[in-house]
Amino acid sequence: MDNQKEGSMNTSNALLDFKDIYVSYGEEPVLEKVNLTIEPNQHWVILGSNGSGKSTLIKLISNDLYPNPRFSFKKEVFGKSVWNIFELKQHLGIITHDLHNYFAIHGNFLTAYEVVLSGFYSSIGVFQHQDFTDEQHQKALETLEFLDILTIKDKAVHQMSTGQLRLCVIGRALIHNPKALILDEPTIGLDFKAQHRFLKLLRKLTNRLSIILVTHHIEEVFEEISHVALMYNKTIYKQGNKSDILNSQNLSTIFEIEMDLQQNNGRYYIQSIAD
């Protein structure tokens with residue numbers, strides 16, 4: 001397989017189709033021989049310990065990082081190997097802590113409505129030179145209502161709870177009606193009530209788009225998640241149906257500690273961890 005050339009497209013219907021991908025920082029490999037195929041309408045969790053390469057994989061998907069050209073590979077997102085990054089954001093919403101924190105620090109004067117509306121221009125804020133149609137304003141209001149945060153429409157970011165801002169950032173991604181959402185450790189920083197509400201929202205979203213969770217928290221794996229990819233030693237260790245992959249043996253391997261995984265009413269939890 002030759003390295004992909006600019007302009008190649010539409011060779012696969014998969015949401016993601018990665019084969020034999022290596023990523024390096026300088027001479028240091030951070031991902032090695034990554035193979036991952038995610039089909040439309042599937043819901044995945046990508047599980048791995050800190051340092052296993054999960055964040056690098058997200059950057060690879062979002063085109064913030066590129067494969068090492070020394071190796072032959074295939075890298076397609078929605079059937080295309082080359083994307084304008086702003087066009088890609090209209091199809092694939094990516095929610096990371098970096099984005100959340102950027103709004104918390106640099107966009108703390110914005111209202112919930114402005115955070116959501118800013119998604120149309122992928123900007124941090126709303127500016128005079130940006131021209132919004134009546135339909136776009138209406139879409140922002142509908143998104144706030146869908147997320148059940150219309151009541152905080154005029155609330156400033158610096159007045160929000162972590163959970164409220166997280167929902168606004170998701171609304172910013174939903175403004176384009178994307179085909180998929182990738183969420184990096186989505187419940188971190190949320191209290192139990194906010195976690196429950198957030199996972200309930202993700203379950204609701206599965207009727208509209210594909211969900212890809214990237215996490216090391218087993219309790220975030222909700223019932224609608226159908227597939228699992230396990231990251232270990234800078235690569236995808238195993239992937240497939242949740243029922244086949246998510247078990248004590250595999251988790252013990254990737255986290256390098258003996259775990260007893262249990263399930264109750266479609267939700268997973270760790271019963272015990274060996275010393």
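The buried residues of helix α6 are covered by elements that include β5 (92–95), α3, α4, α5, β6 (180–184) and α7, where covering rests on contact, that is, heavy atoms within 4.5 Å. Helices (H or I, at least four residues) and strands (E, at least two) are DSSP runs, numbered from the N terminus. The model is a predicted one, in which local features need pLDDT of at least 70 and side-chain atom pairs count only at pLDDT 80 or more, whereas totals for chains, interfaces and linings use all residues. Residues are numbered from 1 along each chain as its sequence is written, and side-chain values use heavy atoms, with hydrogens and water left out.

Helix α6 (residues 162–174) is mostly covered, with 12 of its 13 residues buried; buried means under 20% relative accessible area, exposed over 50%, and partly exposed in between (1.4 Å probe, protein chains only). Among these buried residues are Gln164, Arg166, Cys168 and Arg172, together with Leu165, Leu167, Val169 and Ile170. From its first C-alpha to its last, α6 reaches 18 Å, close to the 18 Å expected at 1.5 Å a residue, the expected span being 1.5 Å times one less than the number of residues.

One of the elements that cover α6 is α3, and His100 lies in this helix (residues 97–106). His100 counts as buried, at 7% relative accessibility, and, leaving aside its neighbours within four places in sequence, is in contact with Thr162, Leu165, Arg166 and Val169. The side chains of His100 and Arg166 are joined by a polar contact of 3.0 Å, a term that denotes a pair of N or O atoms within 3.5 Å; within protein, one must be able to donate a hydrogen and the other to accept it, and residues adjacent in sequence count only if both atoms are side-chain atoms.

In helix α9 (residues 248–255), the buried residues are Asn250, Leu251, Ser252, Ile254 and Phe255. Their cover includes the strands β3 (44–47), β8 (227–232), β9 (235–241), β10 (259–264) and β11 (267–273), as well as the helix α8 (242–245). The N-terminal end of α9 is capped by Asn247, a side-chain oxygen of which lies 3.3 Å from the backbone nitrogen of Gln249, and α9 is followed by Glu256, whose phi is positive, near 55°.

Charged side chains were examined next. A search of the whole structure finds 7 salt bridges, each defined as a side-chain nitrogen of Lys or Arg within 4 Å of a carboxyl oxygen of Asp or Glu. In one of them, the side chains of Lys19 and Asp17 meet at 2.7 Å, N to O; Lys19 is partly exposed, with a relative accessible area of 29%, whereas Asp17 is buried, at 4%. Lys153 forms a salt bridge with Asp154, with the closest N and O atoms 3.1 Å apart; here Lys153 is partly exposed, at 26% relative accessibility, and Asp154 is exposed, at 58%. A further salt bridge is formed by Arg203 and Glu223, whose closest N and O atoms are 3.4 Å apart. This pair links distant parts of the chain, 20 residues apart, with Arg203 in helix α7 (residues 192–205) and Glu223 in the loop between β7 (210–215) and β8. Both partners are partly exposed, Arg203 with a relative accessible area of 35% and Glu223 with one of 44%. Salt bridges that share partners also join Asp17, Lys19 and Lys74 into one network.

The rings of Phe120 and Phe132 have their centres 6.4 Å apart and their planes at 65°, so the pair is edge-to-face. Both residues lie in the loop between α4 (112–117) and α5 (134–146), so the pair ties together parts that are 12 residues apart in sequence. Phe132 counts as buried, at 12% relative accessibility. Tyr232 and Tyr237 also form an edge-to-face pair, at 5.9 Å centre to centre and with 80° between the planes; Tyr232 is buried, at 18%, while Tyr237 is partly exposed, at 32%. Ring pairs link Phe120, Tyr121 and Phe132 into a cluster.

Conventions. Phe/Tyr/Trp six-rings, centres within 6.5 Å; stacked < 30°, edge-to-face > 60°.
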